[in-house]
There are 2 protein chains.
Amino acid sequence: MPAGLTPDELAQVSAIASSTRTVRQGTRLYAAGDPFQSIYAIRTGSFKTVLVHRDGQPQVTNFYFSGYTLGLDAIGDGSYRCDAIALEDSVVCILPFRELNAVGQGSGEIQRHLMRLMSSEMARRGDMQVVLGMMSAGQRVATFLLNQSKWMRVRGYSNAEFVLRMSRTEIASHLGIKIETVSRMLRKFGEAHLIEHHGRHIRILDLDGLARVES
Amino acid sequence: MPAGLTPDELAQVSAIASSTRTVRQGTRLYAAGDPFQSIYAIRTGSFKTVLVHRDGQPQVTNFYFSGYTLGLDAIGDGSYRCDAIALEDSVVCILPFRELNAVGQGSGEIQRHLMRLMSSEMARRGDMQVVLGMMSAGQRVATFLLNQSKWMRVRGYSNAEFVLRMSRTEIASHLGIKIETVSRMLRKFGEAHLIEHHGRHIRILDLDGLARVES
DNA sequence: CGTTTTTTTGAGTACCCTCAACAACGGTGG
DNA sequence: CCACCGTTGTTGAGGGTACTCAAAAAAACG
């Protein structure tokens, strides 16, 4: 919860964010249908959110890294809409929504910050619609790599070399393609000298080239 | 802006929602990049939101009918992220965000309602991710028809017979498939006696059958 | 009624999926 | 330390779904 808050407001938020929770790799922070009580700010680690379709097949709707906030889409329903599962051992701040609202009552800035969070989450999903709606498999994988690269840079790491936190299966599900296709596209990018990869280890050789991928 | 507000709060919201705007078919309520000032509640009519990809191809991200609220995803950026275009002659209530926030300051309920709106919009986009990520063309079209049917019922019309407000091109773009495929799927559903269709006029014969469409 | 746009239909093709087998990795226990 | 095994990831061959291209039919418009 950074950005634009007065020290006083920050203190108020910190006060209710006092409790944290550790989530081991592969375990759930919350499950679809659980009653909504808190939103969670990721302090360390990363998560995926999974929506289970009626036929039982799960779809990875998003990935979240430290700094991001989970559970915002539950406000409307009163219950979480998807499972949130840790990709690695992670720690989250628990922000009880009731208390957050009480504090926000006195401070327009806190409320506005919450809305900004929700709004940018909406925007992210809108962008994902474009990826899933009009991009080829190659473009989807390229976009995914570029996003990863950007996130790494934002978090202070190299944007050219990093280790993916998620499996091929999770990547494929998120991009709406099959795991074999992810594999093939990575190989193709390797042959085109756009990247080098070794399992989950990725080195980007040509950022611009990736952005120009056609199919 | 219905639901759960006290008469006093409702009066406050109504006060700032005094001005309306008429948007003719095919014209824009707002454009991507416009500075964010207001959100808009649809009083009558319907809209599509369009996100233009870097290569110039537009993607229809969503359809909105009366009762829905437009522009919520602009709060984060400070500018609208997509074009909102009227599918028919429409009227919207203008809700200046600054004033809405000022009023909301005194009323937690108004703030919470705004958040519920944003949250359910997020949820809708999440559902769309599932449609685009793991459904066949047939399932996408079936899902689209069922959604239309549901919206019609909510608005008090027949859920079995209605006229689509959008073109095949817009449907196809929204579903991430090609216009010819939409056409073919509708014909297929007709041959299977799930629907009857005549241009934009749709009659659903077998709701359960549509829900069971596999490919 | 002619013109333009939208929708439908058909034939051929490309991309991605399916199925299957193999290789690489990581943990466990002998 | 290495053999063993389950999991995860890679590679290949073949097939199916949806796309592309093209043209006709239908609808919308002035």
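**Reading a predicted model**

Author: Let us begin with one residue: His193(A) is placed in the loop between helix H6 (179–191) and strand E10 (195–198) of chain A. Helices (H or I, at least four residues) and strands (E, at least two) are DSSP runs, numbered from the N terminus. This is a predicted model, in which local features need pLDDT of at least 70 and side-chain atom pairs count only at pLDDT 80 or more, while totals for chains, interfaces and linings use all residues. Residues are numbered from 1 along each chain as its sequence is written, chains are lettered from A and ligands numbered from 1 in the order in which they are written, and side-chain values use heavy atoms, with hydrogens and water left out.

Reader: Is His193(A) buried or exposed?

Author: Buried means under 20% relative accessible area, exposed over 50%, and partly exposed in between (1.4 Å probe, protein chains only). His193(A) counts as exposed because its relative accessibility is 61%. Its phi is positive, about 60 degrees, although the residue is not a glycine.

Reader: What is the phi of His193(B)?

Author: His193(B), which is not a glycine, also has a positive phi of about 60 degrees. It lies in the loop between helix H6 (179–191) and strand E10 (195–198) of chain B. At 58% relative accessibility, His193(B) counts as exposed.

Reader: How is a chain described as a whole? How many helices and strands has chain A?

Author: Chain A has 7 helices and 11 strands. Its overall extent can be judged by the radius of gyration, which is taken over C-alpha atoms; the globule rule is 2.2 Å times the number of residues to the power 0.38. For 215 residues, a compact globule would have a radius near 17 Å, and the 18 Å of chain A agrees with that. Along the principal axes, the C-alpha atoms of chain A fill a box of roughly 55 × 40 × 30 Å. Of the 215 residues of chain A, 53% count as buried.

Reader: What share of the contacts in chain A links residues 24 or more positions apart?

Author: Contact means heavy atoms within 4.5 Å. Among the contacts in chain A with a separation of 6 or more, 72% are between residues 24 or more positions apart.

Reader: Which residues does Leu72(B) touch?

Author: Leaving aside residues up to four places away in sequence, Leu72(B) touches Ser119(A), Met122(A), Ile39(B), Leu114(B), Leu117(B) and Met118(B). Leu72(B) lies in the loop between strand E6 (69–70) and strand E7 (83–86) of chain B, and at 3% relative accessibility it counts as buried.

Reader: Why is H5(B) described as largely enclosed?

Author: The description follows from burial: 7 of the 8 residues of H5(B) are buried, so the helix is largely enclosed by the rest of the structure. Among the buried residues are Arg168(B), Ile171(B) and Leu175(B). Gly176(B) follows H5(B) and has a positive phi, near 70 degrees.

Reader: How is a pocket read, and how much space lies in the largest pocket?

Author: On a 1 Å grid over the protein atoms alone, a pocket is an open set of points where a 1.4 Å probe fits, with protein on both sides within 12 Å along at least five of seven lines; lining residues have an atom within 4 Å of a point. About 1200 Å³ of space lies in the largest pocket. It is lined by 45 residues, of which Arg124(B), Asp127(B), Asn147(B), Lys150(B) and Trp151(B) are the closest to its centre. H3(B) gives the most to this lining, with 10 residues.

Reader: Which helix supplies the largest share of the lining of the second largest pocket?

Author: H4(A) supplies the largest share, 11 residues. The second largest pocket holds about 800 Å³ of space and has 31 lining residues, with Asp127(A), Val131(A), Thr143(A), Asn147(A) and Lys150(A) nearest its centre.

Technical notes: Grid points are joined across faces, edges and corners, and a volume is the space filled by probe spheres set on the points.
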